[in-house]
Amino acid sequence: MESLPLYAQLINLLASVLLLLAFAMLAQRRVVTLIDLFAAQGLALACSTAIVAYATAQPHLYFSTAITLVLKVAILPWLLHRLVQRLDVKWDVEGLINVPTTMIVGLVLVIFSFNLAVPISQLANTVTRATLGIAMATVMLSFLMMITRRKAIPQVIGFLSMENGLFFAATSATYGMPMVVELGIALDVLVGMLILGVFFFQIREQFDSLDLKHMEKLKEGEAE
Amino acid sequence: MSMSAYLSQLVQVAVALMLAPLLVGWVNQCRAWLQNKRAPSLFLPYRTIRKLFVKDAVVAQNASPIFRLTPYIVFGAMTCAAAIVPSLATDLPFARAADAIALVGLFALARVFMSLAAMDIGTAFGSLGARRDMFVGFLAEPALLMVLFTASLISSSTSLPQIVDTLAHHEIGIYPSLAFAGVAFTMVSLAENARIPVDNPATHLELTMIHEAMLLEYSARHLALLEWAAALKLFNYSCIGLALFFPFGIVVSGADWLAVMSSAPLLVAKLAIGGVALALIETLSAKMRIFRAPEFLGTAFMLAVLAMLVNLLLGA
Amino acid sequence: MIEILAVLGFPLSGAAVLAALGHHRIAPKVNVAASLATFLAAAALTARVVSEGPLLVLDRQFFVDPFNVFLVALTAFIGFTTSLFSQPYMRIEEEHKRLSSARLRLYHSMFQLFSFTMLLALLTNNMGILWVAMEAATLTTVLLVSLYRSPASLEAAWKYFILCGVGIAQALFGTILLYFAAEKLLGAGGGALLWTELDGVKGQLGPTVLSLAFVFLLVGYGTKVGLVPLHNWLPDAHAEGPTPVSAVLSGLLLNVALYAVVRCKVLVEGALQTAFANNLMMGFGLLSVVVASLLLSRQKDIKRLFAYSSIEHMGIITFAFGMGGMVANFAGLLHMTVHSLTKSAIFFTVGHATQKTGTQVMDDIRGLITISPLVGWGLAIGSLAILGMPPFGVFASEFLVLTTAMREAPWATPFLLGALGLAFAAVFSKVQPMVFGETTARRLPMRPSMLPVFAHLGLVLMLGLWIPPFLADWYRQAARLIG
Amino acid sequence: MSAPDLVVGAIVLWLGLGVAGLARPRHLAFVSRVVFPLGAAVGLALAAVALSAISAAPQMRELPLGLPDLPFHVRVDSLSAFFLMLLGAVAAAVSVYSAGYFRSSEGTAPGLVGFQYHAFLAAMALVLVADDAYVFMVAWESMALASYFLVTTEHRIPEIRRAGFLYLLIAHVGALAILLCFGVLQGGSGDYTFAGMRQQSLIGAWPSVAFFLALAGFGAKAGLLPLHVWLPEAHPAAPSPVSALMSAVMLKTAIYGFLRVSFDLLHGQLWWWGVAVLALGLVSALFGVVFAAVQTDMKRLLAYSSIENIGIIAAGIGLCILFRAYDKTLLAAISLTAVLYHCLNHAFFKSLLFLATGSVLHATHERSLGKLGGLIHRMPWVAWLALVGTLAIAGLPPLNGFVSEWLLLQAFLFTPSLPQSFVNMLVPVATAALVLAVALAAYVMVKFYGIVFLGRPRESNLAYAHDAGKLERTALVYLAAGCVLLGIVPVAVIALIDPVNVALVGSSARTGTSAGWLFLAPINADRSSYSPLIVLVVIVAVVLVTIQVVHRLYHGRVRRAPPWDCGFPAQTPRMQDTAEGFGQPIRTVFEPFFRMQRHLPSPFDGKPRYAVRVEDPLWHWLYLPIARGSDVLGRMAGYIQQGRISVYLTYSFFTLIALLLFIQ
């Protein structure tokens, strides 16, 4: 196939960066680094959005670029950092599944989601069609991360990076959702984060730890 | 229905009432001979009954009207039964009102009232007798009914006169099914008439008695009626047996009552032979424990069912 | 137009006002007033739609057709009755020092905000906004569930937040895929997410994309519907939140989520021309019914019990929509209505019962009929109604579902038979001793507000014996629309 | 005013009365002096209407209620009219009785009971006139619901709550089966009216599916094995008038429903259906009567005897299906006549007996046979009227129980005319089983009557027992008169039933019975004939004559003395047979059928007490396994929810993956 235009190549590059960061987060166990990685992911996302905006000359995508920058590169990491300091949870314990296994599973997931994406990408009329697969892979990996983590904060970060993957799909694969929708999404993410912030403190004061193993009381396991 | 029919009906009932005690006397006499004892008089039963009629009736204080009514009802039921079973003639108006099933129903009626009366006084023996009698009854009645059904399948009718007519004049004289039915019937009638091996009419030994236990509280005329009724029951069963298995000689419909009278001697003869047979059985067999009775009657029941099956298989 | 603005405006402004003075003693009154206004506006809107047919207003952003208008009316109505019920309930909670006035403020404003998001989700024509509204509903209810700040309530809220958040994320991906498929036909920009537009072109949408999209949408919104095995947040959230919240969760949120699923199903069905979506829904529905009825027998907590029964009924409704066809859809819609009414009525009585006995543990609740006959009979009748005993409306819909299933999906009927029998045994064996028998609890001075309960049960009874013609017409049109 | 309107009117009146009672729940006098008597009047009126409607052409109406495309259809044809007559006739008696029965409100307020009672009656009437699946199911379940609340009137007693729960559970499961049966019958047409179902022609296995679903559903309500377990629990738990209604009428509505489905809505019938029903019926009959024989609670005893009678009825239905499958319509008509006749008889004598136990219960506060006895002296009215019921249910001529059993036996004797040789081989066995059941019934009833009313009082407090009040007596007299009347004029009754035969099996059963009004003779008089009236007259005549003769020829002197009892001096009432004792022969003979727990006292025991508990084996073979199974499944399902959030996330994750793989 003929060589892609520059911006498309850039987007694909950023896409792969996104995926790489997702893997990195999957492996990373230091919470602080996790937050930084998340911030980096946000940055990559913002760049790709900006490029798409420039390439397709859709002004409203600049808005979402701005939102992304403000939210996911500035505010959320800052919030999370403060939380980590206040609640001093620097480390996450070993995940439920050890890292190598997680990696292998992640690899399988990536292949799987690419396979899923291929037939669809053929239909796409955007040049950056391949990115859809990557977006799906990112979502899957974040999902995996949420499953494997035992502490509250990493789980939330996983949740947020899943949000990133979605956002990436929304901007790059399809050149941006309607403005109002993106605003709504951004708003929800922000509010969600604020609520979570409040939550962390309450959880902390109730269980004096953010370890999820304290929150396994409600169950059917032995009802009698 | 001609006048003579009603007349023969009456004659037959009268004959039954008259002959019944005699049959009992005859059986006892034969049994005495067989056990080479000195036999009581042939007419002892008549005397007993008369004596009892004369006496004053003694009734328990806590007896309810049911207790005093029962003897009459039992006697009435047995008399009706005597009116249904063709002993002399088959030309019986009353048999149209009650067929074989109703006959069994009448026996059951008598039995139920006997048992109720026995329970009425509230003595240990009374309820014991009632229980055992019902216990024998709930196996014996079905067996009897099945025997009758076998016959009624042959004649495709449940009215006894019809059955007798068919059996008496039919090309095929031999019915294999009736063989089974005959054995079953014999066993049933032994049980129903409180005879050895199921019961022993001549004992008041509490462990073994069934029928006598129910009569314990009765005296005088009530006892007399019940004794008479028992005799009638024996007579009826004998006549059923004769009618089903040795029907010859019974006057079929359309004959006048003189002919009916003429058939009486033959009946007497047949009954005499039957009595001897009964006495023979009673002498040869031993009284069995009460809980062997279900086996005995169960066998009878099975034989009766088998008779019906055979009948359906061989069509005869 | 104006009605729609009113329907959305009243709760929103109510939320604002109550955020300001929610701790004030007139707050409950304000709450009721706002809900009543919303309900009246919804009624007016309904009248408009019934008389003039579907509305498509505000630059096609809002769309009202028979399918959602009756859900709007239902939502507004139950919101209103719930606010009536929560008035005394919350007062007692405050007297028992279980809630501070600050929490009450939060409660009241969130209650209004929640009903706003519900109505928005129902009224919007934009799949994206639908998603946003669902997410917002999750957030508001998370706050409501965690209202008591007890460990259990926090745990429940946390699970609720994470599970539904993740689920909703899947739904967003599905929405994006939908957009991805539609923009080629409708062009980039606004049009490609409007349900009406999509519905117009559903025939040409790419089948592979849509099947993929439907999987994500079903998993996403299905989580909020509480389909097994995505249901795990539901019992916890129902059991640990305040009872009015349980009532609206069961009565409204599940319905709205299911509404979203059905909207998507319509599109996918149109695009695929196969039974793919139907089979998925039937499968999930049946699984939910069976698993829920199995779990019912193991419950100790009264609110968990009825939470599982909600899962069971959502399963039945999903199954009905999965079978499709005029009768089944009609039954599904009817079942949505009667289930919401009955279940919220039950939660009202449960609320009073728990307050009277001071416990949610069923073994400690005994002889309600002697403590307070109204509550006792309310619980007995409500439970019998929800178990599908005629002459109540739930039976009417189950009648249609089962008889249709006997021909459409005979293989499913043994499971349904077993599950319904089991559910009956489980629930009734637990309700009977609570209602009848000797009691240990003391009588409380206050009188329960049973008006909402018997209003609901009365409506359910009416729907079992006689469905008003206009309502029947709605159902028919909506059923035809769902296809 | 056509029949349906009148019936609906009666239903509305009943409901109205109930609501009126609800208006003044605690006002006993109002309820017992106004509500119940008026209810009885309505019942009589209903019976009269139905009587006239039996021979009339079917008429139908639509009510302004129901589902949008499915308004309530009601229809009165001969079948429903017959059962309506049964309902009205019995309900009248029971209402009169209840007016005197319900006293101070221990459990539920009298007004509430009145409401539930009349709602129960109305629901049963509606079941009988329902002409579409929806209204049928609504009425059917409302009937169950109303009766459930009536059963749990004394809800403070745990056993009663348990009984009520078991009853409602089985009723509901049965109802679901019926629902599915209708689902089959509508044949995917979406037309739920019975008229529409008659049009449907089902193919393949569908008819059998429908038939056996109906058998299961209606069998559960009628108390056929193995779904009978609720019956011996619920009947004793309920107040006696309610037990009477349930046993006498509600079980018959199940029979009605089964006849409606299998004869009216289904077209052809297969011979093996008949065999199945016949076998099931006979097994139920034997099972019921054998268990009745060993009961120690008088109402449980009657409940088991209801199972027996329902079994006999079912056997008759099976026979009828058999005949119809080989289109011998005349014979089918005869067996159907027997079935309907027995329904009527059972309704009368069973309600009579249950009401009698009610009076005993009120007089003695005692249900256990072991503590009763000698009541004929204390309460002669109840005792003598109960005697009629006892003799009738024991199937003795010339009372009504005998007539229907006679007809049924006649029908059995015709089966050799069937072509199927296998079926022919079945006949003797079936007949034997039936006869055995009938004979055992006599045993059971002697036990019942003898122990309750005869003998000497087993407890001292029985001395204070009082006879039933006026209203109760009236009801009992009415029912006893019904038993006698039904017994002695069978020809008239059959003439009444006959339109149903014509409607259902397309043939009249009266070709032979036209041997005059006096003689009942199916087919022809040569084959078999029976005239209870003559039998009665003759027996009475003989009895009177004998009494006269004896007293004339000899004397009528009577001396009273203490019982002799072989001269045994120290007799106490405890020496009489207890219920256990009287049942002992049956226990020994049928040992394998029971699960018995005996407690034998030691020979040195100062106060020896012998106790034996007989349990229903089906509990252990069927119900407990099911319960355990569902519990195990529940526990397994419980493992899904371990409370760990990452596990939950994994579920969602794998669901997603699985679906994605699925669409690949």
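Two residues are in contact if their C-beta atoms, placed from the backbone, lie within 7 Å. By this criterion, the most contacts among the four pairs of chains that touch are between chains B and D. The model is predicted: local features need pLDDT of at least 70, side-chain atom pairs count only at pLDDT 80 or more, and totals for chains, interfaces and linings use all residues. Residues are numbered from 1 along each chain as its sequence is written, while chains are lettered from A and ligands numbered from 1 in the order in which they are written.

The contact between chains B and D takes 69 residues from chain B and 68 residues from chain D. Several elements of chain B each supply at least two residues to the side that touches chain D, among them helix H3 (65-84), helix H5 (100-120) and strand E1 (57-60). Helices (H or I, at least four residues) and strands (E, at least two) are DSSP runs, numbered from the N terminus. H6(B) gives the most to this side, with 17 residues. The side of chain B that touches chain D divides into 42 nonpolar, 18 polar and nine charged residues. Here Ala, Val, Leu, Ile, Met, Phe, Trp, Tyr, Cys and Pro count as nonpolar, Asp, Glu, Lys and Arg as charged, and the others, Gly among them, as polar.

Strands also link these two chains. E1(B) is joined by four bridges to strand E3 (residues 558-561) of chain D, and the two run parallel. Two strands pair if DSSP finds at least two bridges between them. The bridge partner of B:Ala60 in E3(D) is D:Ala561.

Chain D is also touched by chain C. In this case 49 residues of chain C are in contact with 44 residues of chain D. H17(C) provides the largest share of the side of chain C that touches chain D, eleven residues. By class, that side has 33 nonpolar, twelve polar and four charged residues.

Other pairs do not touch. No contact joins chains B and C, whose closest C-alpha atoms lie 41 Å apart. Nor does any contact join chains A and B, where the closest C-alpha atoms lie 51 Å apart.

Chain A has seven helices and zero strands. Its radius of gyration (taken over C-alpha atoms) is 18 Å, close to the 17 Å that the globule rule gives for 224 residues, so chain A is as compact as a globular protein of that length. The globule rule is 2.2 Å times the number of residues to the power 0.38. The C-alpha atoms of chain A fill a box of roughly 60 × 35 × 35 Å, taken along the principal axes.
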